[in-house]
Amino acid sequence: MNPVVSQTDSFVNQLNWHTNQSTKALEQLASGTRLLAPQDDAAGLAVATKLEAQLRQFDAAARNLANATSFTQTQDGYLKSAQGTLNRMGELAIRAQDATLSPDQRALYQTEFQALKDTFNDTRTAEYNGQTLFDGTAHTVASSPENLTQLSGIDLFTAEQNAVTAQTTRLNTPAQAQAALQDILTATDQLATARATTGSTLAELESASTRLTTQAESTTAALSRISDTDVNEVMSRLARGQSLTQNNLFALKQLNSN
């Protein structure tokens with residue numbers, strides 16, 4: 001075999017190899033990932049695939065936590081409003097125990113009291129995204145791929161709460177007003193407990209969200225170390241490949257000249 005032809009083939013093969021390496025380096029820089037094909041790093045690709053799946057799961061869990069937080073915040077907002085309603089009802093019940101009130105004045109108190117009862121009852125039947133807020137149902141959400149978080153059910157349909165909105169709860173006489181006040185005070189105690197429950201649930205959701213964020217950040221960093229392009233290394237490899245390509249071209253030119 002002609003030694004000149006053999007040497008030329010060798011230079012061409014080297015030129016093609018360095019050109020391919022330079023092209024691959026440019027693709028890694030452009031895409032931002034070094035795993036352009038499975039053969040680039042089979043083991044790294046397997047690990048990266050698992051980490052990407054985990055990140056998708058973390059994202060889904062974060063959405064669950066956001067919805068659960070909104071649900072609980074809505075509960076607390078309604079409870080705060082209900083507390084204001086009960087406070088005004090209690091005030092009216094005390095005022096209605098004034099024996100010096102005229103029938104017309106007492107009737108005015110009763111009219112407002114009835115309106116407040118209706119308002120309180122509307123709160124009890126409030127919904128969030130089609131879910132009843134205060135029927136006592138405990139909802140569960142996946143707060144991470146491994147854990148579940150339970151939202152405590154809040155029940156505003158207990159006997160004490162029902163007593164507040166009952167037709168027999170009135171302010172037409174001082175005795176009725178005194179009985180109504182006792183029902184209101186009991187309902188207020190239960191409402192305070194319910195608000196403490198929402199506060200505890202919100203704290204738990206916040207803690208779960210913090211843990212999830214930490215997990216997601218750690219997983220993202222691990223994925224980045226495996227799959228992201230090392231710009232300095234690739235740039236060095238690209239410069240070397242381009243230099244060797246120029247050397248091969250020069251050698252081929254000289255060989256052809258000879």
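Mentor: Helices here are DSSP runs of H or I with at least four residues and strands are DSSP runs of E with at least two, both numbered from the N terminus. This is a predicted model, in which local features need pLDDT of at least 70 and side-chain atom pairs count only at pLDDT 80 or more, while totals for chains, interfaces and linings use all residues. Residues are numbered from 1 along each chain as its sequence is written, and side-chain values use heavy atoms, with hydrogens and water left out.

Trainee: Let us begin with charges. How many salt bridges does the structure hold?

Mentor: There are 4 salt bridges, each being a side-chain nitrogen of Lys or Arg within 4 Å of a carboxyl oxygen of Asp or Glu. In one of them D59 pairs with R63, and their closest N and O atoms are 3.3 Å apart.

Trainee: Where do D59 and R63 lie?

Mentor: Both are in helix α2, 4 residues apart, which is about one turn of the helix.

Trainee: And is R63 buried or exposed?

Mentor: R63 counts as exposed because its relative accessibility is 54%. The cut-offs are under 20% relative accessible area for buried, over 50% for exposed and in between for partly exposed, using a 1.4 Å probe and protein chains only. D59, at 40%, counts as partly exposed.

Trainee: Which residues are linked in a network of salt bridges?

Mentor: The network links R88, E91 and E112. R88 and E91 have their closest N and O atoms 3.0 Å apart, and they lie 3 residues apart in helix α2. R88 also meets E112 in a salt bridge, at 2.7 Å from N to O. Because R88 belongs to helix α2 and E112 to helix α3, this pair ties together parts that are 24 residues apart in sequence. In general, side chains of opposite charge can pair when their charged atoms come close.

Trainee: Now the aromatic rings. How many aromatic pairs are there?

Mentor: The count is 2 aromatic pairs. Rings of Phe, Tyr and Trp (its six-membered ring) pair if their centres lie within 6.5 Å; planes under 30 degrees apart count as stacked, over 60 as edge-to-face and the rest as tilted. F71 and Y128 have ring centres 5.6 Å apart and planes at 85°, so they form an edge-to-face pair. This pair links distant parts of the chain, since F71 is in helix α2 (residues 42-95) and Y128 in strand β1 (residues 127-128), 57 residues apart. F71 is buried at 7% relative accessibility, whereas Y128 is partly exposed at 24%.

Trainee: What about Y78 and F134?

Mentor: Their ring centres are 6.4 Å apart and their planes are at 85°, so this pair is also edge-to-face. Y78 is in helix α2 and F134 in the loop between β2 (131-132) and β3 (139-142), so the pair ties together parts 56 residues apart in sequence. F134 is buried at 0% relative accessibility, and Y78 is partly exposed at 32%.

Trainee: What does F113 touch?

Mentor: Not counting residues up to four places away in sequence, F113 touches M89, L92, T169, R170, L171, A180 and I184; contact means heavy atoms within 4.5 Å.
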